[in-house]
Each structure stands twice: as structure tokens, then as C-alpha cells.
Amino acid sequence: WEEQVDTVSKQQVGFSYLSDTIKSSVEKKDYKTIFAIKSNLLYDLATMVNVSVEVPFVIQDNHFSVVAQHQFPWWLWGDNKYCFRFLSSGGELRWWFKPHFRPDSEKRLKRDALVGHFIGLYGLGGKYDFQNKQKYCYQGEFWSTGLVYGYAMSIAKRVNLVFTIALGYASIPYRHYIPSDDYEIFYRDPN
């Protein structure tokens with residue numbers, strides 16, 4: 001599992017499970033990371049259910065990875081008086097600086113990907129709906145794109161800690177609405 005921290009335009013703390021393929025040899029085994037499954041802990045704390053998958057690949061000695069992410073809390077409670085709905089999908093292309101190899105040990109496997117410094121491009125989009133009785137009622141669609149820089153370090157056999165900072169542009173228009181007294185019908189605010 002991997003903890004991940006993003007700041008500035010996005011903030012993340014998450015888990016990642018690193019899956020390995022094993023190449024057998026007579027004297028030792030080599031491990032190769034084929035994908036990582038992640039969950040953003042800051043989103044989890046806000047009850048924003050989420051999942052990400054990262055896949056590393058190499059092109060002419062350059063190390064890259066592709067990240068696909070999805071957040072999908074769709075909560076409604078209190079007889080429709082409250083809602084927290086946020087549906088978002090996005091992706092990221094990362095270029096890793098010189099791969100960071102660490103020697104094998106009992107607690108740590110040699111890693112060939114998803115460790116060290118990286119830069120990348122991200123893009124995401126989605127829709128949202130936030131309601132607190134009749135006081136705050138907003139919904140809309142959004143998108144964001146930008147640059148990301150980060151560092152990933154191995155802290156256990158299959159656990160990495162990742163620190164990232166992202167800077168980008170976000171378009172987040174919104175619509176205000178007014179629910180009926182029984183919260184069954186939502187009326188768009190004419191203003």
C-alpha cells in the first residue's frame with residue numbers, strides 16, 4: 001500500500017498496493033512492478049469514496065507511468081435535506097527521473113518503478129451536488145488540468161509514501177437551486 005500526499009490544487013493521502021511479477025532465476029528472484037492500486041486518504045476522511053490505478057512503462061530508457069483515478073461519493077440522507085454528491089474521473093501522465101533502485105532486504109524488495117522524483121500532466125472532470133437543507137444548494141460540472149511534481153519513496157515491502165504538489169487551472173461553474181418544502185422537487189434559482 002502507498003500513502004500519497006498532494007497539495008496546492010489537489011490534496012491527497014492514499015494507499016497503493018504494488019503488484020509484482022516474479023522472474024525466476026537459479027540464484028535469485030527479480031521483482032518488477034506492474035501496477036499500483038491506490039486510495040486517497042484525505043478523500044476517504046471526507047467520505048469521498050475513490051480509487052486509482054497506476055501502471056508504469058518504459059520508452060527508450062525513459063520511465064513513465066499512467067494514473068487513472070475516480071471519485072464517486074453519492075450520498076443523500078435526512079429525507080433529501082442533505083446531499084454530498086461528487087463524481088469525478090481523471091488521469092495523469094508521469095515522467096520519472098532516474099529510477100531509484102534500492103537493494104533487496106527482508107523488509108524491502110528491489111523496485112524498478114514508481115519510486116523517486118517525477119513530473120507530470122493531469123486532467124480531470126466531473127459533476128457535483130451539495131445541499132444543506134435549503135440554506136446551501138449548489139450543483140454543476142467542473143474540469144481541471146495542470147502540472148504535478150512529486151517524490152515517491154519505499155517505506156515497506158509493498159508500501160510507498162508519495163509527496164506531490166500540483167498547480168493548474170480549474171473551471172467550476174455552479175447553479176443554485178431551491179428545494180420544495182418536502183425536499184422532493186428541486187427548483188432552479190432564476191437569478
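Glu 54 is buried, at a relative accessible area of 1%; buried means under 20% relative accessible area, exposed over 50%, and partly exposed in between, with a 1.4 Å probe and protein chains only. The model is predicted: local features need pLDDT of at least 70, side-chain atom pairs count only at pLDDT 80 or more, and totals for chains, interfaces and linings use all residues. Residues are numbered from 1 along each chain as its sequence is written, and side-chain values use heavy atoms, with hydrogens and water left out.

**Overall build**

- The protein chain has 1 helix and 12 strands; helices (H or I, at least four residues) and strands (E, at least two) are DSSP runs, numbered from the N terminus.
- Read from the N terminus, the order of elements is β-β-β-α-β-β-β-β-β-β-β-β-β.
- The protein chain has 191 residues, of which 37% are buried.
- Of the contacts in the protein chain with a separation of 6 or more, 54% join residues 24 or more positions apart; a contact means heavy atoms within 4.5 Å.

**Salt bridges**

- The whole structure holds 4 salt bridges, a salt bridge being a side-chain nitrogen of Lys or Arg within 4 Å of a carboxyl oxygen of Asp or Glu.
- Glu 54 and Lys 38 form a salt bridge through their side chains, at 2.3 Å from N to O. Glu 54 belongs to strand β4 and Lys 38 to strand β3 (residues 30-40), so this pair ties together parts that are 16 residues apart in sequence. Both Lys 38 and Glu 54 are buried.
- Glu 54 also meets Arg 94 in a salt bridge, at 3.2 Å from N to O. This pair links distant parts of the chain, with Glu 54 in strand β4 and Arg 94 in strand β7 (residues 82-96), 40 residues apart.
- Arg 94 counts as buried because its relative accessibility is 2%.
- Arg 94 and Glu 92 form a salt bridge at 2.6 Å, N to O, and both Arg 94 and Glu 92 are buried.

**Surface patches**

- Patches are made of residues with over 30% relative accessible area and no salt bridge; like charges are joined within 9 Å, and nonpolar side chains (Val, Leu, Ile, Met, Phe, Trp, Tyr) within 5 Å.
- A nonpolar surface patch of about 780 Å² is built from Ile 37, Val 49, Val 51, Val 53, Val 55, Phe 72, Trp 74, Trp 75, Trp 77 and Leu 87. Strands β4 and β6 (74-77) are the elements that give two or more residues to this nonpolar patch.
- Val 53 lies in strand β4 and is partly exposed, at 33% relative accessibility.
- A surface patch of negative charge gathers Asp 79, Asp 181, Asp 182 and Glu 184. In this count Lys and Arg are positive and Asp and Glu negative, while His and the chain ends are not counted. The place of a charge is taken as NZ of Lys, CZ of Arg, CG of Asp or CD of Glu.
- Asp 181 sits in the loop between β11 (175-179) and β12 (186-188) and is exposed, at 72% relative accessibility.

**Positive phi in loops**

- Thr 47 is not a glycine, yet its phi is positive, near 60 degrees. Thr 47 is placed in the loop between α1 (41-45) and β4 (50-59) and is partly exposed, with a relative accessible area of 41%.
- Gln 60, also not a glycine, has a positive phi of about 45 degrees. Gln 60 falls in the loop between β4 and β5 (62-71) and is exposed, with a relative accessible area of 73%.

**Surroundings of Ala 170**

- Ala 170 is part of strand β10 (residues 159-171) and is partly exposed, at a relative accessible area of 39%.
- Leaving out residues up to four places away in sequence, Ala 170 touches Trp 143 and Ser 144.
- Ala 170 and Phe 142 are 28 residues apart in sequence, and their C-alpha atoms are 7.3 Å apart in space.

Methods
Accessible areas come from the Shrake-Rupley method with a 1.4 Å probe; for residues, only the protein chains shown count as cover.
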